[in-house]
Amino acid sequence: MISGKWFADMHTHILPGMDDGSASVDESIALVSELSRQGITTVAATPHFYADRENPRQFLERRQNAIALLKECTDGNVTVLPGAEVCYYQGISQTEKLPELTIGGTNLLLLEMPFDNWNPSVINEVYSIQRDRKLNVVIAHIDRYLSKKNIDYIEDMLCFGILFQCNASAFLERKQRKEVLNMLKNREIHFIASDCHNMTVRPPRLCEAYKVIEDRLGHEAIKWLCENEKSIFGR
Ligand SMILES: [Fe+2]
């Protein structure tokens with residue numbers, strides 16, 4: 001644990017039975033305990049929202065029940081905020097209930113982009129969420145979209161004030177580490193999150209990632225990430 005230097009995890013799948021993340025209350029408790037052990041005190045529960053599978057009202061109802069179930073069984077050492085990982089769809093910027101899918105107490109919308117190469121129509125709709133709906137878009141796991149064809153869009157998004165979240169695992173994989181460290185060095189990554197799904201194949205690995213960052217980029221990079229989190233969750 002890199003004590004006192006960071007405290008939030010804005011992208012997790014810790015809610016029991018909500019999506020492809022935690023499958024049971026026991027697994028959720030284990031995930032929350034592990035995050036707490038790593039020094040995290042605020043966790044956004046961000047289950048997948050797919051507009052082609054359910055409407056926002058149904059999703060919000062399910063999420064409320066899952067959060068209540070989790071809160072009954074945890075000791076309250078970790079604050080769990082309701083959120084969502086909203087998968088991009090055409091027309092998303094027009095969705096009435098979009099503000100209700102932001103991370104609780106913030107205006108951050110965690111957005112999962114299409115996995116094929118992006119196009120101007122997709123990017124314009126993302127900008128519309130930010131400009132017209134006045135929500136601050138955070139692209140979930142930016143590390144998954146770093147193809148050559150997306151690079152110009154990524155640079156443009158940064159200029160537009162879109163925020164980027166990178167998965168902790170990207171700092172631990174030899175294939176990606178150099179690229180994401182370089183982005184962070186240039187302050188092109190604003191948040192690191194676990195995107196944890198379970199305790200087996202996708203456990204929270206924030207501690208290890210922060211250790212790599214501190215070793216390679218020094219204290220200033222940790223401070224930058226911490227300040228970004230504090231400005232949102234530390235109030
Ligand atoms: Fe996720």
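## Close-up views of a predicted model

The place of Asp-195 is in the loop between strand 9 and helix 6 (206–217); helices (H or I, at least four residues) and strands (E, at least two) are DSSP runs, numbered from the N terminus. The model is predicted: local features need pLDDT of at least 70, side-chain atom pairs count only at pLDDT 80 or more, and totals for chains, interfaces and linings use all residues. Residue numbers start from 1 along each chain as its sequence is written.

View A. Most residues other than glycine have a negative phi. Asp-195 is buried, with 26 other C-beta atoms within 10 Å. Arg-187 lies in the loop between helix 5 (174–185) and strand 9 and is exposed, with 12 other C-beta atoms within 10 Å. A residue is termed buried if 20 or more other C-beta atoms lie within 10 Å of its own, exposed if 12 or fewer, and partly exposed in between, with C-beta atoms placed from the backbone.

View B. Two strands count as paired if DSSP finds at least two bridges between them. Strand 5 (residues 85–87) and strand 6 share 3 bridges, and Glu-85 stands opposite Leu-110 in strand 6. Strand 7 (residues 136–139) is joined to strand 6 by 4 bridges, with Asn-136 as the bridge partner of Leu-108. The chain passes from strand 6 through helix 3 (residues 120–131) to strand 7 in a right-handed β-α-β crossover; right-handed denotes a path from the first strand over the helix to the second that runs clockwise with the strands pointing away from the viewer. Strand 7 and strand 8 (residues 163–167) are joined by 2 bridges, and Ile-139 has Phe-164 as its bridge partner in strand 8.

**View C. Strand 6 and the largest nonpolar core.** In strand 6 (residues 108–112), 5 of 5 residues are buried. Leu-108, Leu-110 and Glu-112 lie on one side, and Leu-109 and Leu-111 on the other. The largest nonpolar core has 59 residues, and those with the most contacts inside it include Leu-109, Leu-110 and Leu-111. Such a core is a set of buried Ala, Val, Leu, Ile, Met, Phe, Trp, Tyr and Cys residues joined through C-beta atoms within 7 Å. Leaving aside neighbours within four places in sequence, the contacts of Leu-111 include Val-86, Tyr-88, Val-126 and Val-138; a contact requires C-beta atoms, placed from the backbone, within 7 Å.

**View D. The buried and exposed faces of helix 2.** Phe-59, Arg-63, Ala-66, Ile-67 and Leu-70 are the buried residues of helix 2. They cover an arc of only 105 degrees around the axis, which puts them on the same side of helix 2; the arc is that of the directions from the helix axis to the C-beta atoms. These buried residues pack against helix 1 (25–37), strand 2 (42–45), strand 3 (48–49) and strand 4 (79–82). The face turned away from the buried side carries the exposed residues Arg-57, Gln-58, Glu-61, Gln-64, Ala-68 and Glu-72.

Note on methods:
Two residues are in contact if their C-beta atoms, placed from the backbone, lie within 7 Å.
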